[in-house]
Structure formats: structure tokens, C-alpha cells
Amino acid sequence: MLSKKMSLLSAISISIAGVLLVASLFFPWWGMKFIAPQYPEGLDVIVYPNKLKGNIDIINGLNHYIGMKPINVNSIPELAYLPYVIGLMALFTFVVAFTRKKSWLYVLIAVFVIGGALGIYDIHRWLVDFGTNLDDNAPIKIEPFVPPIWGENRIANFITNSYFTTGSYIVGIAFLCLLFPLWKERKK
């Protein structure tokens with residue numbers, strides 16, 4: 001027996017999710033602001049899916065004193081391939097919208113959930129790596145630390161604030177667009 005296809009409205013919602021995924025590539029997904037008495041305006045690390053922006057050189061200069069390895073695109077290899085992963089997810093999203101197969105929608109939602117969990121784990125892994133693998137020969141000795149993925153923390157005289165930003169919110173809205181068909185296509 002052939003399964004009934006999802007409605008056109010569900011397909012549109014799924015297509016919007018695909019467009020939002022592509023759009024998210026042009027916005028930052030995560031960031032961290034460092035505030036200290038000598039930097040009251042704050043220093044930023046802003047992470048896009050494929051690049052880093054912000055006051056990276058200044059932060060690297062300061063991090064050198066505590067023995068932290070430099071933050072750059074080469075030290076985070078995921079930034080080289082993440083846009084392709086997101087592009088493939090968007091392509092799969094459009095395929096699901098075109099075919100309107102509910103079973104494929106379940107697979108897509110699972111991919112989103114697993115991808116999101118892996119993304120959060122990866123951010124945590126990098127924060128652990130940068131904060132705990134400090135050079136023993138650094139001029140300033142501090143205890144290893146792990147900044148939170150989201151929220152405030154104190155490291156020496158710096159207050160850090162980690163946050164998700166525009167690109168992450170866009171991906172979250174895309175995920176909600178994928179959930180809409182589950183509600184729309186439920187049996188009454």
C-alpha cells in the first residue's frame with residue numbers, strides 16, 4: 001500500500017527550513033566576549049560556520065601569556081567542512097520537501113537532532129582543549145579551565161560571556177519548520 005504524501009503546506013514548511021539552513025551559513029553561530037578592566041568595551045571571538053571574526057589577534061596575544069594555543073581557522077578544522085555538511089543537509093531538506101515522504105522527514109529530523117548534539121559537543125570539546133592544554137612554560141600560571149558553552153565565567157581578571165547567536169537561531173527556526181508537518185499531518 002502506498003503511503004499518503006504530506007500536504008503542500010507541509011512541503012512549503014520543509015522548503016523554508018532548507019532556505020533557512022542555507023541562510024544560516026552567512027551569519028555567526030556562536031561567540032564569546034571577554035571583558036576586563038583594560039578592555040571595558042570587550043573583546044570578541046565570533047564563530048561562523050566557516051570562519052572566525054572579532055578581536056582574534058588581541059585575544060591570541062593575551063592568551064599567549066597563559067600558555068593557550070592560538071585561536072585560528074587552522075586550529076578548528078571543522079570550519080573547513082561545516083558549510084558542506086550544512087549544504088548537504090539543506091539539499092536533503094529540499095529532497096524531503098519535493099518527495100513529501102513522511103518517513104524521510106523523520107530521518108531528516110533525526111539528522112538535525114544528532115547534528116545539533118554533535119555541534120554542541122564539538123564546541124564543548126574545543127573549549128576543553130583550549131582551556132586545559134596550557135603550556136607549562138607560560139609566563140603566567142593559571143589553573144586549567146573550561147568556559148561554558150553558554151553563560152558567564154571568570155578567568156583571571158576577565159569575565160567571559162559565551163552565547164549562541166543569529167545563525168544558531170536561524171537553524172532553530174528551521175528545525176521548528178520541520179516539526180510543523182508532524183503537527184499538520186497528525187491523524188485526527
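Q: Which residues do ring pairs link into a cluster?
A: This is a predicted model. Two rings of Phe, Tyr or Trp pair if their centres lie within 6.5 Å. Here, such pairs link Phe34, Tyr39 and Phe158 into a cluster.

Q: How many aromatic pairs are there by this rule?
A: The count comes to six aromatic pairs. One of them joins phenylalanine 34 and phenylalanine 158: the ring centres are 6.5 Å apart and the planes are at 80°, so this pair is edge-to-face.

Q: Which parts does the pair of phenylalanine 34 and phenylalanine 158 tie together?
A: Phenylalanine 34 belongs to strand 1 (residues 30-36) and phenylalanine 158 to strand 5 (residues 158-164), so the pair ties together parts 124 residues apart in sequence.

Q: Are phenylalanine 34 and phenylalanine 158 buried or exposed?
A: Buried means under 20% relative accessible area. Phenylalanine 34 has 10% and is buried; phenylalanine 158, at 14%, counts as buried.

Q: What kind of aromatic pair do phenylalanine 180 and tryptophan 183 form?
A: Planes under 30 degrees apart count as stacked and over 60 as edge-to-face, the rest as tilted. With 40° between the planes and 5.8 Å centre to centre, the pair of phenylalanine 180 and tryptophan 183 is tilted.

Q: Where do phenylalanine 180 and tryptophan 183 lie in helix 5 relative to each other?
A: An α-helix has 3.6 residues a turn, so residues three or four places apart point the same way. Phenylalanine 180 and tryptophan 183 are three residues apart in helix 5 (residues 166-184), so about one helical turn separates them. Phenylalanine 180 is partly exposed at 27% relative accessibility, while tryptophan 183 is exposed at 52%.

Q: Which rings have a lysine over them?
A: Lysine 51 lies over the face of tyrosine 48, 4.8 Å from the ring centre. The ring of phenylalanine 130 has the charged end of lysine 69 over it, 5.0 Å from its centre.

Q: What is serine 75 in contact with, apart from neighbours within four places in sequence?
A: Those contacts are Pro70, Trp126 and Phe130. Serine 75 is in the loop between helix 2 (56-66) and helix 3, and is buried, with a relative accessible area of 14%. Its side chain reaches the backbone oxygen of asparagine 72 at 2.8 Å.

Q: What do the buried residues of helix 1 pack against?
A: They pack against helix 3 (78-99), helix 4 (102-132) and helix 5. The buried residues of helix 1 include Ile14, Leu20 and Leu21.

Note on methods. Residues are numbered from 1 along each chain as its sequence is written. This is a predicted model: local features need pLDDT of at least 70, side-chain atom pairs count only at pLDDT 80 or more; totals for chains, interfaces and linings use all residues. Side-chain values use heavy atoms; hydrogens and water are left out. Helices (H or I, at least four residues) and strands (E, at least two) are DSSP runs, numbered from the N terminus. Buried means under 20% relative accessible area, exposed over 50%, partly exposed in between (1.4 Å probe, protein chains only). A charge sits over a ring if NZ of Lys or CZ of Arg is within 6 Å of the ring centre and within 35 degrees of the ring normal. Contact means heavy atoms within 4.5 Å. A polar contact is a pair of N or O atoms within 3.5 Å; within protein, one must be able to donate a hydrogen and the other to accept it, and residues adjacent in sequence count only if both atoms are side-chain atoms.
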